[in-house]
Amino acid sequence: MIQIEKNISLKNYNTFGINVKAEHFVAVSTIEELKEVLALKHFPKKLLLGGGSNMLLTQDQKKLVIHINLKGITIENEDDHFVWVKANAGENWHEFVLWCLERDFGGLENLSLIPGNVGTAPIQNIGAYGIELKDTFISCDAIHIETLQAKTFIKDECNFGYRNSIFKNDVKGQYSITSVVFKLTKHKHKLSVAYGAITSELEAQNIKNPTIQDISKAVIAIRESKLPNPKDIGNSGSFFKNPVISKVKFEKLQENFKNIPSYPISESEVKVPAGWLIETAGFKGKRFGNYGVHKKQALVLVNYGDAKGSDILKLSKLIQKTVLRVFGISIEAEVNIL
């Protein structure tokens, strides 16, 4: 029997630790419960909440907040080389990665320690250190919020892009993802250590022939050294996307900013690290009372205490405005503003 609660604080349900209230709140742990809640006609507006890691809550939520708590990991299929693993939407992403690593299933090790749950990972096409979710994604099951019809989205249907997918565009707000299937390697793992930080970390540990477990540990060490743990300081990880600009524009910027870094995207475009832009604009480590920009990573906005979401939003807009003025580059928020 589902139980709808009233005036529930969402402080423990978002990694920013913003203390706003849900006028009505319910947690669901089965697909049947999810369908039952979605069918409630006297709550026409609903907000689906997973791990709360990619959102900034700026006000009390008048919608019915549905906490997706579907658990379970199963092996759906395997052959001599690959294994197809299904994880339900409410599984913690990092714990799922560790589950795979314990069984020596490769492909997700570079995505270790990313906050959030499995169900929201495809929406964002989460990525880190040269790997994106789409690299191992096979399909996801979802329920249509209005019709309650089940649908399976295969990879080609998801329109995955950089921190982007169909779930942020064409079908935004229309589906609740209930599970995701990944195709992972059982041996002869394809290691991705191209990022300098991983190479440096492995060298520091004197590891010459890394395993997928070694890469995961290196990624965890790097992330822990640069990114604050949301349990200690409220944050949502990277707040902004890395902007993509033309090579022509980049070369012009180099005239004034000799050290500006970039990563090639195509023959005509490069990606510029948003963290470098924000740091160079003078925001790294800047504190405004109980909120600010993290001292080790300028991409991360933080809640030091009882900050309001509206304060952090105001800071993010100031950063965007300053970066645009200094570099002529627009940076886009990666998190959902609610």
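The structure is a predicted model. The domain assignment divides the chain into domain 1 (5-68), domain 2 (73-226) and domain 3 (234-337). For domain 1 and domain 2, the buried area is about 1,000 Å². The UniProt record, an unreviewed entry, lists three residues under "active site": Arg-163, Ser-238 and Glu-334.

**How domain 1 meets domain 2**

- Taken over C-alpha atoms, the centres of domain 1 and domain 2 are separated by 25 Å.
- The contact between them involves eleven residues of domain 1 and twelve residues of domain 2.
- The size of an interface is often expressed as the accessible area that is lost when the parts come together.
- For this pair of domains that area is about 1,000 Å², and carbon and sulfur atoms contribute 69% of it.
- On the side of domain 1, the residues that lose the most area to domain 2 are Lys-35, Leu-38 and Ile-68, which together account for 37% of what that side buries.

**Polar and charged features of the interface**

- Helix H1 (residues 31-38) gives the most to the side of domain 1 that touches domain 2, with four residues.
- Sorted by class, this side of domain 1 has six nonpolar residues, four polar residues and one charged residue.

**What the UniProt record lists**

- Residues 18-187 are listed by UniProt, in an unreviewed entry, as "domain: FAD-binding PCMH-type".
- The span of residues 18-187 is 13% helix and 37% strand, and its end C-alpha atoms lie 43 Å apart.
- Under "active site", the unreviewed UniProt entry gives Arg-163, Ser-238 and Glu-334.
- These three residues are spread over 172 residues of sequence, yet they cluster in space, with a largest C-alpha distance of 11.1 Å.
- One of the listed residues, Arg-163, is found in the loop between strand E11 (150-154) and strand E12 (175-185).

Methods: Residues numbered from 1 in each chain as written. Predicted model: local features only at pLDDT ≥ 70, side-chain atom pairs only at ≥ 80, totals over all residues. Heavy atoms only, no water. Domains from an automatic or database assignment. Contact = heavy atoms within 4.5 Å. Buried area = accessible area lost by both parts, 1.4 Å probe. Helix = DSSP H or I, 4+ residues; strand = E, 2+ residues; numbered from the N terminus. Nonpolar A, V, L, I, M, F, W, Y, C, P; charged D, E, K, R; others polar. UniProt positions renumbered as here; feature names shortened; annotations may be inferred.
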